[in-house]
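Work through these exercises with the structure open beside you. Try each task before you read its solution.

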Amino acid sequence: MHTVLLGIAWIAPKKLLTPAGLLHALFLGVLLYLSVGWQGELVVVFYFLVGSAVTYIGMAQKEAEGIAEKRSGARGPENVWSSALTGALCAVGIAINSLSFANATTFVAHSSPIVSLLLLGFVASFSTKLSDTCATEVGKAYGQRTFLITTLQPVARGTEGAVSLEGTLAGVAGSVAIAMLAWGLGLIDLRGILWCVIAAFIATNIESLIGATVEGKVRWLTHDVVNFLNTLIGAIAAILLALIWQLLVNG
């Protein structure tokens, strides 16, 4: 499946991946298939296709304003791993703890508590990244009033740390969509959708705070590093929410 879809991405009129990005994405696809089966791979493919689609919304306008993604949105290796490293680490953890659930009817029904939490972290990381991508790209294209998250002062669209109502709503919609897909595939339970959406909202706003305060001012804190931290915060937040709920329910 991943080979066919990556081929589609490569021959698309607007290339979605650079040649190096294609190779890294292929490696990632194999890793995910071996770790979490086609279900987990489908979640990532969904993120990639939807995230790429929203990147091209209003591209001409964004390029004219100088706020478009570099390479007109084509993903390179740095984009692949800044988006997927957290999920890949969760997938490796799942494989180590469960050997393989690739042939299971549903992951949730057959998972140990540790695997269930890692699956939640896996889904939450991509739910967070899609939320961030949708919020950023829709905000750049359609945000009518854009505010800096730290001061709530009006700023130009595309400013690091800027938020808008349109972008925020798009971000929530993106996180809901990918979490519901993961639930439908049996990767998380129904409550996991809520944890993923809340975690994505928390992580996306923390990323905006980082963008408004220290991104670009600390040498190693590049945009790709911030993207990785965003997904890591989303995964951790979802796992913590699930653990807190379990503690409350079990007394």
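**Exercise 1.** Describe the chain over residues 42-59: how much is helix, how much is strand, and how far apart are the end C-alpha atoms?

*Solution.* Step one: read the secondary structure. Residues 42-59 are 83% helix and 0% strand. Helices (H or I, at least four residues) and strands (E, at least two) are DSSP runs, numbered from the N terminus. Step two: take the span. Step three: check the record. UniProt, in an unreviewed entry, lists 42-59 among its "transmembrane region" features, and 167-186 is also included. UniProt positions follow the numbering used here, feature names are shortened, and annotations may be inferred rather than shown by experiment.

Before going on, note the ground rules. The model is predicted, so local features need pLDDT of at least 70 and side-chain atom pairs count only at pLDDT 80 or more, while totals for chains, interfaces and linings use all residues. Residues are numbered from 1 along each chain as its sequence is written, and side-chain values use heavy atoms, with hydrogens and water left out.

**Exercise 2.** State the overall make-up of the protein: how many helices and strands does it have, and in what pattern?

*Solution.* Count the elements. There are nine helices and two strands. Now read along the sequence. The pattern is α-α-α-α-α-α-β-β-α-α-α. Next, take burial. Of the 251 residues, 47% are buried (under 20% relative accessible area; exposed is over 50%, partly exposed in between, with a 1.4 Å probe and protein chains only). Last, take contacts, meaning heavy atoms within 4.5 Å. Among contacts with a separation of 6 or more, 70% join residues 24 or more positions apart.

**Exercise 3.** Work out how α2 packs against α7: which angle, which distance, which residues?

*Solution.* Two packed helices are described by the angle between their axes and the distance between the axes. Axes are lines fitted to C-alpha atoms, for helices over the stretch in contact, and angles run from 0 to 180 degrees between N-to-C directions. Step one: α2 (residues 19-55) and α7 (residues 165-184) pack at about 160°, with axes 10 Å apart. Step two: α2 and α7 are therefore roughly antiparallel (over 145 degrees; under 35 is roughly parallel, 65 to 115 roughly perpendicular, the rest oblique). Step three: α2 supplies Leu42, Val43, Phe46 and Tyr47, and α7 supplies Ala177, Ile178, Leu181 and Ala182. Step four: sort them by class. Eight are nonpolar, none polar and none charged (Ala, Val, Leu, Ile, Met, Phe, Trp, Tyr, Cys and Pro count as nonpolar; Asp, Glu, Lys and Arg as charged; the others, Gly among them, as polar).

**Exercise 4.** Now set α6 against α2, then against α4. Is each pair roughly parallel or roughly antiparallel?

*Solution.* Start with α2. It packs with α6 (residues 113-142) at about 10°, axes 9 Å apart. So α2 is roughly parallel to α6. In this contact, α2 residues including Leu32, Gly40 and Val54 meet α6 residues including Leu130, Cys134 and Glu137. The classes are 13 nonpolar, four polar and two charged.

Turn to α4 (residues 77-98). Its axis comes within 9 Å of the α6 axis, and the two cross at roughly 165°. So α4 is roughly antiparallel to α6. Among the contact residues are Ser83, Cys90 and Asn97 of α4 and Ile114, Gly121 and Ser125 of α6. Here ten residues are nonpolar, eight polar and one charged.

**Exercise 5.** Find out whether Ser131, Leu241 and Leu152 are buried, partly exposed or exposed.

*Solution.* Ser131 lies in α6. Ser131 is buried, at 4% relative accessible area. Ser131 touches Gly171, Val172, Ser175, Ala200 and Thr204, leaving aside residues up to four places away in sequence.

Leu241 is in α9 (residues 223-250). Leu241 is partly exposed, at 22%. Leu241 and Trp195 are 46 residues apart in sequence, yet their C-alpha atoms are 6.3 Å apart.

Leu152 sits in the loop between β1 (146-148) and β2 (162-164). Leu152 is exposed, at 58%. Leu152 also has a positive phi of about 60°, although it is not a glycine.
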